[in-house]
Number of protein chains: 2
Amino acid sequence: MKLTILGCYSATPRTNTNPTSQVLEINNHVFLIDCGEGTQVELRRNKVKFSRIKHIFISHLHGDHYFGLVGLISTFRLLTRETDLHIYGPKGLKEVITLQMKLADSWTNYKLIFHELTSKESELIYEDDKVEVHTIPLDHRIYTNGFLFKEKEGERKLDMNAVLNADIDVSYYRKLKQGFDVVNEKGKLIKNETVTKPPINPKSYAFCSDTMYNERIIPIIEHVSLLYHESTFLEKHISLAAPTKHSTAKQAATIAKLANVGKLVLGHYSTRYDDLKAFKTEAESIFNDVELAKDGKTIEIN
Amino acid sequence: MKLTILGCYSATPRTNTNPTSQVLEINNHVFLIDCGEGTQVELRRNKVKFSRIKHIFISHLHGDHYFGLVGLISTFRLLTRETDLHIYGPKGLKEVITLQMKLADSWTNYKLIFHELTSKESELIYEDDKVEVHTIPLDHRIYTNGFLFKEKEGERKLDMNAVLNADIDVSYYRKLKQGFDVVNEKGKLIKNETVTKPPINPKSYAFCSDTMYNERIIPIIEHVSLLYHESTFLEKHISLAAPTKHSTAKQAATIAKLANVGKLVLGHYSTRYDDLKAFKTEAESIFNDVELAKDGKTIEIN
């Protein structure tokens, strides 16, 4: 599971900073999260194969989180993409993208499937054998969701020495992996936990941008391996955080601590700050495993 | 009069090439022409002051010519712009920009004035004391205009030796500059052309992108100082030019020759070409003053 930060600044793209966009690689998926202006160029710069992107998640309809989407959709068309593209985002996204395709008289030759979000409760929006994606309702100036990406718990692992000693027929191995007790060749009941080991701990990633300090997200993101939480401001500008419904680095760290997450990544910095070290220092006064997002940075999620 | 090429490639932005956008400086105006994705970053890179842009001209609603506009409008807002912004472009542009502002609940604090174009005949769309802007109806897959920017003819210049010798009272100088004959202190009629010189030749710039070969534009662009004409393809790919309604370098040069323009600039290259030299060579076989557009290049118009 690997996260690549394409852009992690708020507000407006500049020559050396990009608005929000991230790529999450999880169980052979390449999920694109938010898509500010210039994302398609950052995807190229970071050598992400366009054809592998099949699901795009848009947190909200402020420009720094989605103005690059229509261009990316259009580039996919020019590259003669045929694979379906699923887009998850607030209601309104379909209308604005469709209007632009209509005005250009340029319709995609691949299937564009919008999953428009309106719920204010966390919901399961994607699921397959190995992965789930849930929304994280955030508290921002307009309707906004974060996203929780979770590996599903895998099968239990056979403890082969114990299995062989217990005289279990090979046809029962599947049931053992699924956690059932079985009867061995001598008719004796074998308790599952005596011959198997727990599955590998599933990893998870929570993306929370943009939001004001909001403890209601804690039950949803509790114990995630990695939390990205916006920190637009430092504590000294907390008076700006409330009216704009953004967070400070200290508030992000407080959420990380209360939710017992594995690691915290900060981002969505206001472009007023030239030096970002203070974000890390401020957050580390509350929570000890803090990393700063940086355009082009890759973070392994363990 | 100075033209800065921000982007001159067709189709899709890449790490090293930008879609169409240009800045024309003419009589203290800074006109922005087309606005592909990433234009606001290229404006910064080329040190164009955002506050000086008061008029934006959009040729058509294919993404590589306007997907950067909504982001630029939004950045102007974040920079607390107060000056009016005039946008000239095809009908539909207002709807798509307004929809995005509505979805973001982010309205500009400055006045956004749309001048939507629908006419298929050339029309005067901007005029002041010194400058005129006319549309150039082009032939492309969707409704498209080029733009003709013209300095107005200035006043005649006084030939001061001749004026003094002719005993003309200073109160008549204004009339002389305006081209009138005057009566001198001795009551003698002085013919204007004996004491003045013609005004400096007004300069003009025609922007033609995107279009198939179209001789109907010739009367509009005749004798312009500088013509930018798209050349998406080389002649060897002419079979692609017709169905996509684009031009080859040779066709662009033929238009330049038939319209007797001062100089031709080529651009809107398909990204299939790594080396652009062949565009110049091909065009020069028809017309002798040819320059290749290049992102970041500045061209003085004389």
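The model is predicted. Chain B superposes on chain A by a rotation of 180° with 0.1 Å of shift along the axis, at an RMSD of 0.2 Å. That is the relation of a two-fold axis.

**Chain arrangement and domains**

- Two copies of a chain are related by a rotation about an axis and a shift along it. For chains A and B the rotation is 180° and the shift 0.1 Å, which is the relation of a two-fold axis.
- Within chain B, Gly38(B) has the C-alpha nearest the axis, at 3.1 Å.
- Both copies use the same surface for their contact, since 100% of the contact residues of chain B recur in chain A.
- Chain A consists of domain 1, made of 2-154 + 200-300, and domain 2, made of 157-196.
- The distance between the C-alpha centres of domain 1 and domain 2 of chain A is 43 Å.

- His62(A) sits in the loop between strand 4 and helix 2 of chain A and is buried, with 6% relative accessibility.
- Beyond its sequence neighbours up to four places away, His62(A) touches residues of both chains: His140(A), Arg141(A), Ile142(A), Ala104(B) and Ser106(B).
- Asp210(A) belongs to the loop between strand 14 (204-208) and helix 6 (218-221) of chain A. Its relative accessibility is 2%, so Asp210(A) counts as buried.
- Outside four places in sequence, the contacts of Asp210(A) include His60(A), His140(A), Glu230(A), His246(A) and His268(A). The side chains of Asp210(A) and His65(A) are joined by a polar contact of 2.8 Å.

- Asp64(A) is buried, at 11% relative accessibility.
- With neighbours within four places in sequence left aside, Asp64(A) is in contact with Ser10(A), Ala11(A), Pro19(A), Thr20(A), Gly36(A) and His268(A).
- From the side chain of Asp64(A) to the backbone nitrogen of Ala11(A) the distance is 3.0 Å.

**Helix 2 and other sites in chain B**

- Helix 2 (residues 69-78) of chain B has eight of its ten residues buried, so it is largely enclosed by the rest of the structure. Among the buried residues are Leu69(B), Leu72(B), Ile73(B) and Phe76(B).
- The elements covering the buried residues of helix 2 of chain B include strand 3 (29-33), helix 1 (39-45), strand 4 (53-57), strand 5 (85-90), helix 3 (93-104) and strand 6 (112-117) of chain B.
- Gln100(B), in helix 3 of chain B, is buried at 4% relative accessibility.
- Gln100(B) touches Tyr66(A), Phe67(A), Val96(A), Gln100(A) and Val70(B), residues up to four places away in sequence not being counted.
- Ser51(B), in the loop between helix 1 and strand 4 of chain B, is partly exposed with a relative accessible area of 45%. Its C-alpha is 9.8 Å from that of Leu85(B), 34 residues apart along the chain.

**Backbone exceptions**

- Most residues other than glycine have a negative phi, and most peptide bonds are trans.
- The peptide bond from Ser209(A) to Asp210(A) is cis, with omega near -5°. In chain B, the bond from Ser209(B) to Asp210(B) is cis, with omega near 0°.
- Lys245(A) has a positive phi near 55°. Lys245(A) lies between helix 7 (238-244) and helix 8 (249-258) of chain A, in a loop, and is partly exposed at 27% relative accessibility.
- His223(B) has a positive phi of about 65°. His223(B) is in the loop between helix 6 and strand 15 (226-230) of chain B and is exposed at 56% relative accessibility.
- Thr80(B), which follows helix 2 of chain B, has a positive phi near 55°.

Definitions and conventions: Residues numbered from 1 in each chain as written. Chains lettered and ligands numbered in written order. Predicted model: local features only at pLDDT ≥ 70, side-chain atom pairs only at ≥ 80, totals over all residues. Heavy atoms only, no water. Least-squares fit on C-alpha atoms with pLDDT ≥ 70 in both. Contact = heavy atoms within 4.5 Å. Domains from an automatic or database assignment. Buried < 20%, exposed > 50% of the residue type's maximum accessible area, 1.4 Å probe, protein only. Polar contact = N/O pair within 3.5 Å; in protein donor to acceptor, adjacent residues only side chain to side chain. Helix = DSSP H or I, 4+ residues; strand = E, 2+ residues; numbered from the N terminus.
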